[in-house]
Amino acid sequence: RMLAQPERAVIAEGTQMLGAIRRAQINERDSTSSSVYLAVAAYNPVTATAVPTTWTRLGLGQLPTTSKFQYTCALATETTTTTGTTTVPPTCTATRINVLGVPPAGGGTIAMDIDTGAVTCGGTYTGVLTPQGTTCR
């Protein structure tokens, strides 16, 4: 049980940062009267030589090189097939990365719907329903 705690703290880092990104996305869209959120190219603070322009535009600062996640935001997409239309909401994703050459405990991902704040867990992370919504473990 004690060994699982450090990775839970790491997951909390990713989830908290996604919440900050979500708030920044909503603020940017509201303040510019835009109808869409900003797409953010993969930002890996361990290997990045510069902070992405859209990251700065959102008012977010440079992350420390000890960050354990790479962050990206994708716009909403619609796919129409013969069976109907599928809409994927605008989503920001935190993907677990290696830090300073140390392999991560898992190759997990945490995705947050920008509109609703709903969380989806992937890779080695699983979703657990709590009174506040889904959290990853």
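1. Of the 137 residues of the protein, 34% count as buried, a word that here means under 20% relative accessible area, with exposed set at over 50% and partly exposed in between (1.4 Å probe, protein chains only). This is a predicted model, in which local features need pLDDT of at least 70 and side-chain atom pairs count only at pLDDT 80 or more, while totals for chains, interfaces and linings use all residues. Residues are numbered from 1 along each chain as its sequence is written, and side-chain values use heavy atoms, with hydrogens and water left out.

2. The protein has two helices and nine strands, which follow the pattern α-β-α-β-β-β-β-β-β-β-β when read along the sequence. Helices (H or I, at least four residues) and strands (E, at least two) are DSSP runs, numbered from the N terminus.

3. Three aromatic pairs turn up in a search of the whole structure. One of them joins Trp55 and Tyr71, with 6.1 Å centre to centre and 35° between the planes, and is tilted. Rings of Phe, Tyr and Trp (its six-membered ring) pair if their centres lie within 6.5 Å, and planes under 30 degrees apart count as stacked, over 60 as edge-to-face and the rest as tilted.

4. This pair links distant parts of the chain, since Trp55 lies in helix 2 (residues 53-57) and Tyr71 in strand 2 (residues 69-74), 16 residues apart. Trp55 counts as buried because its relative accessible area is 0%, and Tyr71 is likewise buried, at 1%.

5. Tyr43, Trp55, Phe69 and Tyr71 together form one aromatic cluster.
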